[in-house]
Amino acid sequence: MTAALRIQNLEKEYDNGVKALKGISLEVQTGDFFALLGKNGAGKSTAIGIISSLVNKTAGKVHIFDYDIDVDFPMARTQLGVVPQEINLSVFETPLQIVVNQAGFYGIDRNKATILAEKYLTQLGLWEKRHDVTRELSGGMKRRLMIARALMHQPKLLILDEPTAGVDIEIRRSMWEFISEINEQGTTIILTTHYLEEAENLCRNVAIIDQGRVVENTSTRELLAKSQREIYVLDLVESVKSLPAFERGKWKLVNPTCIEVDISKEQGINGIFRELNQNQIKVQSMRNKSNRLEQLFLDMTTEEEETSA
Amino acid sequence: MNWQQIWVAYMTIVRKEVTRFTRIWQQTLLPPVITTSLYFVIFGSLIGPRIGSMEGYRYMDFIVPGLILMSVITSAYANVSSSFFGSKFQRSIEELQISPTPNSVILLGYVTGGMARGLLVGLVVTIVAIFFSRLSVHNVFVMLSISMLTALLFAMGGFLNGLFARKFDDVSIVPNFILTPLTYLGGVFYSIQLLPDFWQAVSHLNPILYMINGFRYGFLGISDIPLGISYLIILLFIAALFTINLRLLNKGYGIRS
């Protein structure tokens, strides 16, 4: 199967000497829903900038559906849609003008562009706002407009650079549904996000970039299988003054009615409750402190920092 | 992209540009008309009769072609420099950068938008001039071709300014400190025959002199410069600016990190 995106030894050194990418290689298969994770400044946006021709690379190769972005750039760009991290809309234009113009830049005539505009603006809940000035739209609407704009030429690969940043949970969930539908219809998706539950729920494969290097590149399932520890937060029915000496896990009294427990997979949840029952501590509710991917992400990127320090 | 798609992309940029400057007509079309009307009133109607004739024409009739072309120059230049810099500032230029539209088409699209504004302003100023002068046309082909080529040249100049500009001030420096002095010293208000030999020679270094004289020939049939030289100078500048702009665009100067 043709790879939707193939990156080989990609390097970027800015004029000020900062090495944003130190030879990353990645392959994203056609139809995949791929998460590209990393802390701020890890190199994700630089990599996306290079793929989308907004940043000049120092070295390396990028192929989009086998089209070399240096050699076959018109074909490579035709396959690609990008939703950037920062709002980059022409704010004095209307949403309809923005999306129809975007289609025009790909050679799509206005009649066809208007039909596509109605389709995507409706799907993203913006059709009623099509004649409003973009400057007056809310942040969430602007983000959805950028998604509609990126889809106007019906790209086979869609890169979403933190598309839900600053968006309320209701709209975020509707955006997840929409993006999942697009993926089910065959569009390959690459997603960068700081909401790691977003990546865990949506993406089949994950790469983690840290300090310009790929530190992990695997399936979400395999990555999560590496997680050996879980931290649970327990809300108690009655307050306790101090913690008894438990045999399993690391226990911490957060406040008189809340305990945190860090346990390994082998120890399991049953072991926790056995010990709580032995000490006559009743639990009202229980939740994960952080999701598993978040914990792994922190472990991996912290390890890398410690190694390089 | 095939030719049809390239044409669609080009027309999209042109339409976007024309929509932009017509939407804010109070800022783009009205001010040059008011400014030029004031020139007509002050230099033509009030001071002009005291000056007498210039190369056999009423002073008012002599300055009209220069004033029209001056408005074409400033409008074509300002349109492209401010629009392109605005796109950079808002980062909406990225819409075009990530698309398969060739850089030459991006350049021509913006430049055509600038020409459209320059020529539209020139047309309105010409209509206003009819009320103040005895406007006649000696050679309509020369008048139209010089005005179009001049608009093209300065739209290219505006694009270059837009590429280099890093802040809003950078967009106004060239028009204020280079373009306006060169226009005023390019023979809008006088014939260079009135100048001493040395200053006549210096004036020949000013490219705007060739455009204004060529344009004046189209209206009045008189020029301080041979017409062929005017065309040659304008075409050379257009070719140079087109090449520089395209090279910078291909390198991503000012728009790619």
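Colleague: Leaving aside its neighbours within four places in sequence, which residues is B:Val125 in contact with?

Modeller: Two residues are in contact if their C-beta atoms, placed from the backbone, lie within 7 Å. By that rule B:Val125 is in contact with B:Pro32, B:Val33, B:Thr36, B:Leu67, B:Ile68 and B:Ser71, once neighbours within four places in sequence are set aside. This is a predicted model, in which local features need pLDDT of at least 70, side-chain atom pairs count only at pLDDT 80 or more, and totals for chains, interfaces and linings use all residues. Residues are numbered from 1 along each chain as its sequence is written, while chains are lettered from A and ligands numbered from 1 in the order in which they are written.

Colleague: In which helix does B:Val125 lie, and is B:Val125 buried or exposed?

Modeller: Helices (H or I, at least four residues) and strands (E, at least two) are DSSP runs, numbered from the N terminus. B:Val125 lies in helix α6 (residues 103-130) of chain B. A residue is buried if 20 or more other C-beta atoms lie within 10 Å of its own, exposed if 12 or fewer, and partly exposed in between, with C-beta atoms placed from the backbone. B:Val125 has 24 other C-beta atoms within 10 Å, so B:Val125 is buried.

Colleague: What does A:Ala117 touch, not counting residues up to four places away in sequence?

Modeller: A:Ala117 touches A:Leu96, A:Val99 and A:Val100. The residue sits in helix α4 (residues 110-123) of chain A. A:Ala117 is buried because 26 other C-beta atoms lie within 10 Å. From its C-alpha atom to that of A:Arg149, 32 residues apart along the chain, the separation is 8.4 Å.

Colleague: How should I read the sheet in chain A, and what is the strand order?

Modeller: Two strands pair if DSSP finds at least two bridges between them. In chain A, six strands form an open sheet with mixed pairing, in the order β6-β7-β8-β3-β9-β10. β6 (80-83) and β10 (213-219) of chain A are at the edges with a single partner strand each, so one side of each has no neighbour in the sheet. From one strand to the next the twist averages 15 degrees.

Colleague: How many bridges join β6(A) and β7(A), and which helices pack on the sheet?

Modeller: β6(A) and β7 (residues 157-161) of chain A pair in the parallel sense over four bridges. A:Gly81 has A:Leu158, in β7(A), as its bridge partner. For the angles, axes are lines fitted to C-alpha atoms, for helices over the stretch in contact, and angles run from 0 to 180 degrees between N-to-C directions. Helix α5 (residues 139-151) of chain A touches β6 and β7 of chain A, its direction making about 170 degrees with that of β6(A). Helix α6 (residues 169-184) of chain A also packs on the sheet, touching β3 (33-37), β7 and β8 (188-192) of chain A, at about 145 degrees to the direction of β8(A).

Colleague: How many residues does each chain bring to the contact between chains A and B?

Modeller: Chain A gives 24 residues and chain B gives 21 residues. On the side of chain A that touches chain B, α2 (73-78) and α3 (95-105) of chain A each supply at least two residues. The largest share, four residues, comes from α3(A).

Colleague: And into what domains is chain A divided?

Modeller: Domain bounds come from an automatic or database domain assignment. Chain A is divided into domain 1 (3-225) and domain 2 (229-308), and the C-alpha centres of these domains lie 37 Å apart.
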